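Here are my notes on the model, as numbered points. Please read them with the structure open.

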Protein chains: 2
Amino acid sequence: MKPKITLKDIARELDVSISTVSKALKNSAEISKDTKDKIKAFAKFYNYRPNNIALSLKNKRTKNIGVIIPDIVHHFFTTVFRGIEKYANEKGYNVIVCISDESIEKEVINMEMLANGSIDGFILSLSAETQLKNEFTHLKELLDQGIPIVLFDRVTSEIECDKVVLNDEEIAREAVGHFIKSGAKKIALVTTENYFNVSESRRIGYLDALKVQNIKVDENLILTLSHDMENDMLITEFFQNNKVDAVLCVNEIFAIQCMSIIQELGFNVPNDISIIGFTDGILSRFSVPRLSTVAQHGELMGETAAKLLIDRMERLNEVEEPYKTKVINATLIKRGSSIN
Amino acid sequence: MKPKITLKDIARELDVSISTVSKALKNSAEISKDTKDKIKAFAKFYNYRPNNIALSLKNKRTKNIGVIIPDIVHHFFTTVFRGIEKYANEKGYNVIVCISDESIEKEVINMEMLANGSIDGFILSLSAETQLKNEFTHLKELLDQGIPIVLFDRVTSEIECDKVVLNDEEIAREAVGHFIKSGAKKIALVTTENYFNVSESRRIGYLDALKVQNIKVDENLILTLSHDMENDMLITEFFQNNKVDAVLCVNEIFAIQCMSIIQELGFNVPNDISIIGFTDGILSRFSVPRLSTVAQHGELMGETAAKLLIDRMERLNEVEEPYKTKVINATLIKRGSSIN
DNA sequence: AATTGTTACGAAAACGGTTTCGTGTTAATA
DNA sequence: TATTAACACGAAACCGTTTTCGTAACAATT
C-alpha cells in the first residue's frame with residue numbers, strides 16, 4: 001500500500017520548503033529551473049495530485065454541484081440528469097445526487113446537508129409534497145446565503161432564481177390541435193393533481209386549444225389520476241362511460257395504461273381513439289402501436305440547467321446578472337397511436 | 001444576504017476562544033453551563049452549521065461515496081443507484097455519481113478525479129470497454145492507495161475487492177428449465193458479446209440447462225447482438241430462419257424487440273414462442289402480453305454494495321476483513337410471455 | 001565601500017474545524 | 001499556610017493547500 005503523497009512529503013524528502021514545492025509545481029518564475037525540475041520529477045514519480053478537499057477549503061469552492069430530484073427511476077429525470085452530468089463534467093464539476101422521493105422533508109434535509117460547504121450550487125426539481133404544500137423557505141434561505149439554485153421542470157414562481165422549463169402550455173395546445181386537425185371532437189385529458197405546475201400548464205394548453213376551435217369543454221373528459229395508486233379501474237370506467245375520440249396523457253405511463261385498456265375494451269388505436277403522451281421514453285418507442293409523444297428533451301434541459309448554474313457560479317464576483325428562465329421547446333413526435 | 005457563520009465569528013462576538021466555542025457546541029464537560037448556554041443560543045440563533053469541507057480535511061474522511069456506472073438511462077443501473085443512495089443517505093453519506101458511458105477513459109478520469117480526496121470509497125460497475133480490454137490498472141492503483149472499492153454486476157476476477165453479483169448462471173438455468181418443463185425443445189438465447197461477464201454467465205447457465213436435459217446445443221439458436229446497433233433485421237432473419245419454441249434474452253430491450261418481431265411474423269406469444277427476459281423493468285410490465293422476466297433486484301444490490309463499502313470504510317483501522325462476494329438471488333417472474 | 005537590484009527561497013497566515021495540553025483561579029485538604 | 005485538586009478556559013498544532021511578504025546571498029552599480 002502506498003498512500004497519497006502530499007506537498008509536505010515532497011518538501012521533506014527534497015529538503016526544501018512546502019511553499020517552494022507548491023510554486024515549483026505551478027511553474028512559478030520564482031523558483032530556479034534546477035529546483036523546479038527536481039521537484040517536478042519527484043512529484044511525477046510519486047504521482048502527486050493535490051488534495052481536492054484542501055483546495056476546496058482554500059478556494060472556498062468545491063467544484064461540486066448538488067442535484068436533487070424527486071425520483072431517479074423515471075425516464076425524464078434520468079435524461080435530465082445525464083445532461084447535467086455531461087455538461088458539469090466537461091466543465092470540471094462533479095455531481096452529488098440526492099433523491100427527495102417526492103418528500104419535502106428529504107428535500108430539506110438533503111439540501112441543508114449539502115449546503116454546508118459540500119457544493120457550490122444546486123439544480124433541483126421540486127418534490128410533489130413541496131409543490132403541494134407551497135413551502136419554499138428552505139430554498140429562500142439557501143439563496144439568502146448566496147448559494148445559487150437552478151430549478152427545472154417542476155418550478156415555482158414563488159422563488160426568484162434561474163429556471164429551465166418546457167413550453168408545456170404551447171405543446172399541449174399543439175397536441176390537441178393535432179387531434180382536432182385529424183377530425184377528433186371528443187378530446188380527453190388524463191392528468192395528475194394540478195398542484196404540479198406542469199400538469200397545470202398542460203391543462204391550460206388543453207383548454208385553450210379547445211376554446212380556440214370552439215369546442216365546448218366537457219369536464220367529464222378530464223380524468224385526474226394519482227401518481228402512486230392503481231388506476232386501472234378508474235381508466236376502464238372512464239373509457240366505458242365516455243365516448244372519446246382522442247386522449248392526451250401528461251405522462252408516459254398514463255398513456256401506455258390508457259392504450260392498453262382502450263385496446264382491451266375493443267377499441268382500435270388510433271382509428272377509434274388516438275393517444276398522445278408526454279415523455280418520449282422507452283415505453284413509447286416499444287409499444288404497439290408506437291406511441292405518439294411529446295419529447296421533452298431532458299438531456300438538453302439538464303445541460304441548459306447546468307450551464308445556467310455554472311455560468312452564474314463562475315461569475316459570482318462580477319455584476320449580478322438578472323435571473324433567467326430558459327424555455328425548452330418540446331417536440332411532438334407523431335407515431336402510430338395518433339392519426340396523421 | 002447573510003453568509004454562513006463560523007466558529008471564529010461566534011468566538012469574536014462572544015469574546016471567547018474558538019476552542020471554547022467548539023467544545024461548547026459539542027457539549028463538552030470542560031465548559032461551564034453558563035458559557036455553553038450562551039454559545040448554544042447564539043449558534044442556534046445564527047443557524048450555525050459546521051463546514052463539511054473543514055471537517056473532511058480534519059477527519060480525513062469526506063462521507064462521500066463515488067459511484068461510477070456505465071449508463072444511467074437504464075432501468076437496472078437506475079434501481080441499483082437508488083439502493084445505493086438510500087442506504088448511503090441513511091448512514092449519513094452523500095453520493096457522487098459519474099457516468100462512464102461505457103468508456104474506459106471516462107472511467108479512469110472520473111475515478112482519478114474523485115480519488116484525490118473527494119470520496120472515501122467507490123462503488124462501480126465496469127464499463128463495456130473496460131471489460132473488453134481487460135484493463136484494470138486504474139482499479140488496482142486505487143486499491144493500492146487504500147481506497148476501498150465495491151464492484152457490482154459487471155465485475156472481474158482480476159481484482160480483489162468486495163463484490164455484489166447476481167446468480168446469473170443459476171437463474172439462466174432456471175429460466176431454461178422453465179421453458180423445458182413447459183414442453184419447449186428448441187430454445188434460443190439472445191445475448192451480447194460475451195466479454196460481459198454477465199452475458200457469459202447467462203450463456204453458461206443456458207448451455208448447462210440444455211445439457212442436463214440432454215438437449216443438443218444448436219449454435220444457430222444463439223443470437224449475439226450488439227448494444228448500440230439497430231438489430232431489428234438480425235432478429236427478423238433469426239426467427240424466419242429458425243424454428244424456435246422459446247427464447248431467453250439477456251436484457252429487457254432484446255426481449256421486447258424479439259416479442260414485437262415475433263408477433264409481427266405472425267407467431268403467438270406464448271403459445272408458439274415463449275419469451276423470458278432479464279431486468280424486470282417498466283417495459284416488461286406494460287407489454288402485451290406482459291413479459292416474463294428475471295428480476296435482478298437492483299435496489300437490493302445497491303443497498304448491499306453500499307453496506308459492504310460503508311462497513312469496510314468504518315472498520316478501516318481495525319483488522320482487515322477478507323473480501324466478500326455477495327450473491328443476490330434473482331427471481332423468475334412468470335407472466336404472460338411464457339407458458340406456466 | 002556602500003548602495004541597489006536580482007534571484008531564489010522560506011516563514012507564516014489563511015481556509016474552518018477538532019483536540020491536546022497548559023494554566024490561572026478558586027476551593028478543598030493537610 | 002502551603003499543597004493539591006477541580007474547574008474553566010485559551011493557545012497552538014494539525015489537516016493540505018495557496019499566496020503574500022520578508023530576506024539571505026550574490027551581482028551590479030556608483
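1. Helix α14 (residues 298–313) of chain B has 16 residues and spans 22 Å from its first C-alpha to its last. That is close to the 22 Å expected at 1.5 Å a residue, the expected span being 1.5 Å times one less than the number of residues. Helices (H or I, at least four residues) and strands (E, at least two) are DSSP runs, numbered from the N terminus. This is a predicted model: local features need pLDDT of at least 70, side-chain atom pairs count only at pLDDT 80 or more, and totals for chains, interfaces and linings use all residues. Residues are numbered from 1 along each chain as its sequence is written, while chains are lettered from A and ligands numbered from 1 in the order in which they are written.

2. Which residues of α14(B) are buried? Among them are M301(B), L308(B), L309(B) and I310(B), and also E303(B) and R312(B). Buried means that 20 or more other C-beta atoms, placed from the backbone, lie within 10 Å of the residue's own. The cover over these residues includes β1 (64–69), α5 (75–90) and β11 (325–328) of chain B.

3. Now the interface. In chain A, 38 residues are in contact with 38 residues of chain B; contact means C-beta atoms, placed from the backbone, within 7 Å. On the chain A side, α4 (52–59), α5 (75–90), β2 (94–99), α12 (252–264) and α13 (282–286) each supply at least two residues.

4. Strand β2(A) pairs with β2 (residues 94–99) of chain B in the antiparallel sense, over three bridges. Pairing requires at least two DSSP bridges between two strands. Here V97(A) stands opposite V95(B).

5. How are the two copies related?

6. DNA strand D has 24 residues around it, the closest being S19(A), N51(A), S19(B), T20(B) and S32(B). Near means a C-beta atom, placed from the backbone, within 6 Å. Contributors of at least two residues each include α1 (7–14) of chain A and α2 (18–25) of chain B.

Key: Two residues are in contact if their C-beta atoms, placed from the backbone, lie within 7 Å. A residue is buried if 20 or more other C-beta atoms lie within 10 Å of its own, exposed if 12 or fewer, and partly exposed in between; C-beta atoms are placed from the backbone.
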